[in-house]
Amino acid sequence: MSTHTYTTPPAANPHSKLRPGRYWIAAVVAGVVVLTLIASSLLNYVYLDSIPGRASLYGLLAVALIALGTFIGVRAFTRDRASRRKHLIRAGVLLGFGVLLWLLVIDVFVFTQSAGPTVAGICALACLPTTAFGLLVVRRMDRNEKEPWRLVLVAAAWGAIVATSLVIWGESLWDATAQHTLVPGPGLDASTAFSAGLLEELAKGVAVVLLFLVMRDDFDDVVDGIVYGAAVGLGFNFLESVAYMTNLYSIFEPEGFGWAAAGFQWYGRQVLGLFFGHATYTAFIGAGLGVARQLPHPRQKALAILSGFLIAIAGHFAWDAWITFFPIDPGVLGLLEIHLRTLIMTGPFTAAVVALLLFGIRYEAIGLVDQFRKEAASGSGTILMDEVPVLASPWQRLKQRLRAFRRGGLRAYFQVARLQSAQLDLAMERWHRERKEIDTPLEAEDALRQRVLELRHLVPAS
Amino acid sequence: MSVAPYDQILTLYRTLLVFATVAVVILSIGLVEFVYFEPPGQTTGATAHIVGVFAYDPATGTTRGPDRTTFARTDQFAAVVDWSQLPRDIVVDARWFNSFGSIVGRAGPGTPAELGPQSTVPVIVPPGLHHSLPGHYEFVVERLTDGRPVEVLARRIVLVER
């Protein structure tokens, strides 16, 4: 066992040839995204001269601030404690300015024009609790090692702000061209659906790809991929819901049922479609990346990633293109039909991603239990043999935490929680190292052991 | 002889490939659907003449005022088509679509000679509404084959303001 002490585990293996490559790819992807945003905004402004076009141009600064703040914030956690706070404050200020500017742009230039800032605010407030609930559920799906909130929220913010900005120009141009050249009807519907499926899934998928490339330590497997993908989808769904609600409100308000139209959209997108729509589609992109994370051969990795994107695009396309084939009765029967339509059209995709998730959780659990046993057998003292059954079961872990709570209150609860989390981190690190799918140095694993031992000293014996 | 343990990640990978195959089938069906409703090689060179889009008086069934591209929600409006410039042996129709893609007015289908008297094609306010919904309205004159629109012979887009 190493006797060295570290403030934080070394971030990278200096001899790794993988990590710099990943960072270069991430930098190129980020560069393409920024250039696309700039081009998109300028083209919108020059050619479309529409309200969303102007919003896109003025919103560019907000997007840049959020992107920079996010980057600094995420990287702050890999720094030592001394400089972490400084970087977090910088990130917080940038994010704060970015969000305020973005909200201003959205309210003033988009929704104010059609429905007014009060309606936009009410719609956004209505979507916040449901989206937050969705994120909570999605994060809890990872039974063994929950993803950091900062990354889950970054993923959702990307979906809401960056991905929506990325698709404005592409979809506007595609749809305008199609409307001026195609015969109205199913052919045009199919074209519009191809546009939405391709452009929206690519825009959302970029976020998951960047997390996969840059935050590899927090992107372990298919389960993590599904969590991040679904979070991006929920973020996208949030802003799309607000946009549709305000738009339909402004269309139907003069007829006297603006709130009913907005409320119907809210129910369809934030309740019925919360997990069935964007969250499901982008979860497939995450699943593809998560599977690729653990595959040994580059060809298999590429195919897995491509598969994830293909399934997401196809699921999105199928909904948009064929929704008109399920006409909804204007009467009471329509209420039932709306639910059945979602269940029949998107249900199979959601069931498929849930199947991947369940298999992924089981696969991860088997790998972790194996590593718990090996670590316990090594005699390092980080994991004891009688702790293995507890660590292997989320319910047993919860019971252990509750026992600590009864004994020593919240403080004891969180001490045990931190210890369990560190033990799981160690097992995960061991699992990846054994599978040769990690590029952090062995010292990082030793630092994790050291951390477990330190935490163990804080937890009173049960 | 020892056998390397089967890596379960391959099961996930293969499952993903199966799902991807289904995805390719779905996208292919979409492509076939697109080609079916937008068949290539349908351009005849014929064009219809839309005289204009005018304010419309449903009581008299006549249009009035100049050709316009924007209307207020409370306005009623109609397109006027000159069917005489079209070949006599084709089947055509004219349709209005609102911004939701719903048909809100139509004439035909029939031959240009049959449709001659129906030169004014108004937008009908949907049942339950007092006025036309705001948004872009598209008016198309289409050529039909086997009862299916295959070519747009003329098109106009107007805006109904909020």
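First, the conventions. This is a predicted model, in which local features need pLDDT of at least 70 and side-chain atom pairs count only at pLDDT 80 or more, while totals for chains, interfaces and linings use all residues. Residues are numbered from 1 along each chain as its sequence is written, and chains are lettered from A and ligands numbered from 1 in the order in which they are written.

Domains next; their bounds come from an automatic or database domain assignment. Chain A has domain 1 at 19-349 and domain 2 at 379-458. Where these touch, domain 1 of chain A gives eight residues and domain 2 of chain A gives eight residues; contact here means C-beta atoms, placed from the backbone, within 7 Å. The side of domain 1 of chain A in that contact has six charged, two polar and no nonpolar residues. For the classes, Ala, Val, Leu, Ile, Met, Phe, Trp, Tyr, Cys and Pro count as nonpolar, Asp, Glu, Lys and Arg as charged, and the others, Gly among them, as polar. In chain B, domain 1 covers 1-38 and domain 2 covers 49-160. Taken over C-alpha atoms, the centres of those two domains of chain B are 45 Å apart.

Now the contact between the chains. Chain A puts in 39 residues and chain B puts in 34. On the side of chain A, the elements giving two or more residues are α6 (186-214), α7, α9, α10 and α12 (347-378). Helices are DSSP runs of H or I with at least four residues, strands are runs of E with at least two, and both are numbered from the N terminus. Which element gives the largest share of the side of chain A? That is α10(A), with twelve residues. By class, this side of chain A has 26 nonpolar, twelve polar and one charged residue.

One helix pair spans the two chains. The axes of α6(A) and α1(B), residues 9-37, come within 8 Å and cross at roughly 140°. Axes are lines fitted to C-alpha atoms, for helices over the stretch in contact, and angles run from 0 to 180 degrees between N-to-C directions. The crossing of α6(A) and α1(B) is left-handed; that means the near helix is turned anticlockwise from the far one by less than a right angle, and clockwise would be right-handed. Among the residues that meet are P186(A), G187(A) and F194(A) from α6(A), and G30(B), F34(B) and F37(B) from α1(B).

Another pair sits within chain A. Helices α7(A), 222-252, and α9(A), 278-294, have axes that come within 6 Å and cross at roughly 150°. The two are therefore roughly antiparallel, a term used for angles over 145 degrees. Their crossing is right-handed. The contact holds 16 nonpolar, eight polar and one charged residue.

G308(A) lies in α10(A), residues 298-322. Is G308(A) buried or exposed? It has 34 C-beta neighbours inside 10 Å, so G308(A) counts as buried; the cut-offs are 20 or more for buried, 12 or fewer for exposed, and partly exposed in between. Leaving out residues up to four places away in sequence, G308(A) touches several residues, including F284(A), G288(A) and L16(B).

K374(A) is in α12(A). With 14 C-beta neighbours inside 10 Å, K374(A) counts as partly exposed. Its C-alpha atom is 16 Å from that of A422(A), 48 residues away along the chain.

Terms used:
Parallel < 35°, antiparallel > 145°, perpendicular 65-115°, else oblique. Contact = placed C-beta atoms within 7 Å.
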